[in-house]
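Here is a short report on one structure. Look over the sequence and the model first, then read on.

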Amino acid sequence: MVKFLKSGKIVIVLGGRYAGRKAVIVKTYEEGSNKRKFAHALVAGIDRYPRKVTKDMGKKLLEKRSKVKPFVKLINLNHLMPTRYSLDVDLKSSVTPDAVAQPEARIEARKLIKKSFEEKYQTGTNKWFFTKLRF
């Protein structure tokens, strides 16, 4: 079987608290692990999307409306829907499975993800990833 769920692939979370949210695969575990015997992936996604901005808005308001709230989670591959898009953000160094297990490390990982996602949003590339899924 061809493995198409590689790191950098944008997926849509189908179940749970973050259902309908877009996420990026950081690392996949096709064979499972010791704690989780099923195939799963470590994903970093957007919990709260940036809001619409116009050119008439001031700098302070632009900054406020361009904020992103991320999440980090280990999700079963059955609960992910792959898309044709990919995002070239290097999160492997900042996000590890150990970081997800411990609350303090998860908060630090979320801060790093927030910074990288906001930088990516400011560049204007991958606009689809930063728009809310309408359904």
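## The largest pocket

E3, E4, H2 and H3 each supply at least two residues to the lining of the largest pocket. The helices (H or I, at least four residues) and strands (E, at least two) are DSSP runs, numbered from the N terminus. This is a predicted model, in which local features need pLDDT of at least 70, side-chain atom pairs count only at pLDDT 80 or more, and totals for chains, interfaces and linings use all residues. Residues are numbered from 1 along each chain as its sequence is written, and side-chain values use heavy atoms, with hydrogens and water left out.

The volume of the largest pocket is about 430 Å³. That volume is the space filled by probe spheres set on the grid points, which are joined across faces, edges and corners. A pocket here is an open set of points on a 1 Å grid over the protein atoms alone, where a 1.4 Å probe fits, with protein on both sides within 12 Å along at least five of seven lines; lining residues have an atom within 4 Å of a point.

The lining counts 21 residues. Arg 36, Leu 74, Pro 97, Val 100 and Ala 101 lie nearest the centre of the pocket. Which strand gives the most to the lining? E4 does, with six residues.

## The strands

E4 spans residues 69-76. Six of its eight residues are buried, so E4 is largely enclosed by the rest of the structure. Buried means under 20% relative accessible area, exposed over 50%, and partly exposed in between (1.4 Å probe, protein chains only).

E3 and E4 run antiparallel and are joined by eight bridges. His 40 has Asn 76 in E4 as its bridge partner. Two strands pair if DSSP finds at least two bridges between them.

E3 (residues 40-48) also pairs with E2, again in the antiparallel sense, over six bridges. Ile 25 stands opposite Val 43 in E3. E2 pairs with E1 (residues 9-13) too, antiparallel and over three bridges. There, Val 11 stands opposite Ala 23 in E2.

Is E2 enclosed or open? Six of the eight residues of E2 (residues 22-29) are buried, so this strand is largely enclosed by the rest of the structure.

## Helix H3

H3 covers residues 103-123. Its 21 residues should span 30 Å at 1.5 Å a residue, and the end C-alpha atoms are 31 Å apart, which agrees. The expected span is 1.5 Å times one less than the number of residues.

Ala 109, Ile 113, Ser 116, Phe 117 and Lys 120 are the buried residues of H3. Seen down the helix axis, they fall within an arc of 100°, so they line one face of H3. The arc is that of the directions from the helix axis to the C-beta atoms. On the other side of H3, Glu 104, Lys 115 and Gln 122 are exposed.

What covers the buried residues of H3? The cover includes E2, E3, E4 and H2 (97-101).

Just after H3, Gly 124 takes a positive phi of about 90°. Asn 126 is in the segment after H3. It has a positive phi of about 55° although it is not a glycine. Most residues other than glycine have a negative phi. Asn 126 counts as partly exposed, at 24% relative accessibility.

Leu 62 lies in helix H1 (residues 59-65). At 30% relative accessibility, Leu 62 counts as partly exposed. Leu 87 is in the loop between E5 (80-86) and H2. At 3% relative accessibility, Leu 87 counts as buried. Lys 92 is found in the loop between E5 and H2. With a relative accessible area of 48%, Lys 92 is partly exposed.

Contact means heavy atoms within 4.5 Å. Leaving aside neighbours within four places in sequence, Leu 62 is in contact with Val 53, Thr 54 and Met 57. On the same terms, the contacts of Leu 87 include Gly 8, Ile 10, Phe 117 and Asn 126. Lys 92, with such neighbours left aside, is in contact with Ser 7 and Val 26.

| Pair | Apart in sequence | Apart in space, C-alpha to C-alpha |
|---|---|---|
| Leu 62 and Met 81 | 19 residues | 32 Å |
| Leu 87 and Ile 25 | 62 residues | 9.1 Å |
| Lys 92 and Lys 27 | 65 residues | 7.4 Å |
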